[in-house]
Amino acid sequence: MICPYCSSTKSKVTNKRESPKGIRRRRECLKCKKRFTTYEKISRNIFYIIKKDKNREKFDKEKLERGIEKAFEKRPVSKEKIDKLIEEIEEKLRKKGKKEIKSSVIGELIMKKIKKLDNVAYIRFASVYRDFQDIKDFKKELKKL
Ligand SMILES: [Zn+2]
């Protein structure tokens, strides 16, 4: 934080509380001793998913988790690995820094990740998520494995 009076970067927090504008901090400049207030917003970078029918839906991590966990049901992959996979996917999506992401982009990303861990889970997920045009597509996908 830069002091608005003397531009020093050294300050101490004398008081901190939540406010509708974010976290409010009272600071005291260590150089000129003047006090100032800062507001810090925790931006969780909310983004939306654009579905095939063009509807927008807020990104829902729980929904993502449910879908992925279902694909790994009764598979010999540890919960730890699955959780890590989910974290990585979420991280990657947030890093895109976009307000809207197509569901197909997310689907492909998830499939790529799952494929590295378990082929059966991959096929399960792909069959639900990609909604294969017809059975031929599905067989083609199976053959690739
Ligand atoms: Zn100062």
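Two strands pair if DSSP finds at least two bridges between them. Strands are DSSP runs of E with at least two residues, helices are DSSP runs of H or I with at least four residues, and both are numbered from the N terminus. The model is predicted, so local features need pLDDT of at least 70 and side-chain atom pairs count only at pLDDT 80 or more, while totals for chains, interfaces and linings use all residues. Residues are numbered from 1 along each chain as its sequence is written, and side-chain values use heavy atoms, with hydrogens and water left out.

**View 1. The sheet S1-S2-S3.**
Three strands form an open sheet in the order S1-S2-S3, with antiparallel pairing. S1 and S3 are its edge strands, each pairing on one side only. Neighbouring strands of this sheet are turned by 25° against each other on average, direction ignored; axes here are lines fitted to C-alpha atoms (for helices over the stretch in contact), and angles run from 0 to 180 degrees between N-to-C directions. S2 covers residues 22-29, and seven of its eight residues are buried, so the strand is largely enclosed by the rest of the structure. Buried means under 20% relative accessible area, exposed means over 50%, and partly exposed lies in between (1.4 Å probe, protein chains only). In a regular strand the side chains alternate between the two faces of the sheet.

**View 2. The S1-S2 hairpin.**
Strand S1 (residues 11-19) runs antiparallel to S2 and is joined to S2 by eight bridges. The two strands form a hairpin with two residues between them. Lys12 has Glu28 in S2 as its bridge partner. Arg17 stands opposite Arg24 in S2.

**View 3. The S2-S3 hairpin.**
Six bridges pair S2 with strand S3 (residues 35-40) in the antiparallel sense. This hairpin has five residues between its strands, and Lys33 in the turn has a positive phi of about 65°. Arg26 has Thr37 in S3 as its bridge partner.

Cys3 is buried at 2% relative accessible area, and Cys29 is buried at 0%. Cys6 counts as partly exposed because its relative accessibility is 27%. The structure holds zero disulfides, a disulfide being a pair of cysteine sulfur atoms within 2.5 Å.

**View 4. Surroundings of Ser8.**
Ser8 lies in the segment before S1 and is buried, with a relative accessible area of 11%. Leaving aside neighbours within four places in sequence, Ser8 is in contact with Met1, Ile2, Cys3, Cys29 and Lys31; contact means heavy atoms within 4.5 Å.

A second open sheet of three strands has the order S5-S4-S6, with mixed pairing. Its edge strands are S5 (56-58) and S6 (100-102), each of which pairs on one side only. The twist averages 35° from one strand to the next. Strand S4 (residues 48-50) pairs with S6 in the parallel sense over three bridges. Within this pair, Ile50 stands opposite Lys102 in S6.

**View 5. Val105 in helix H3.**
Val105 is placed in helix H3 (residues 103-117). At 37% relative accessibility, this residue counts as partly exposed. Leu93 is 12 residues away from Val105 in sequence and 9.5 Å away in space, C-alpha to C-alpha.

**View 6. The whole chain, for orientation.**
The protein chain has five helices and six strands, in the pattern β-β-β-β-β-α-α-β-α-α-α along the sequence. Of its 145 residues, 31% count as buried. Among contacts between residues at least 6 apart in sequence, 40% join residues at least 24 apart.
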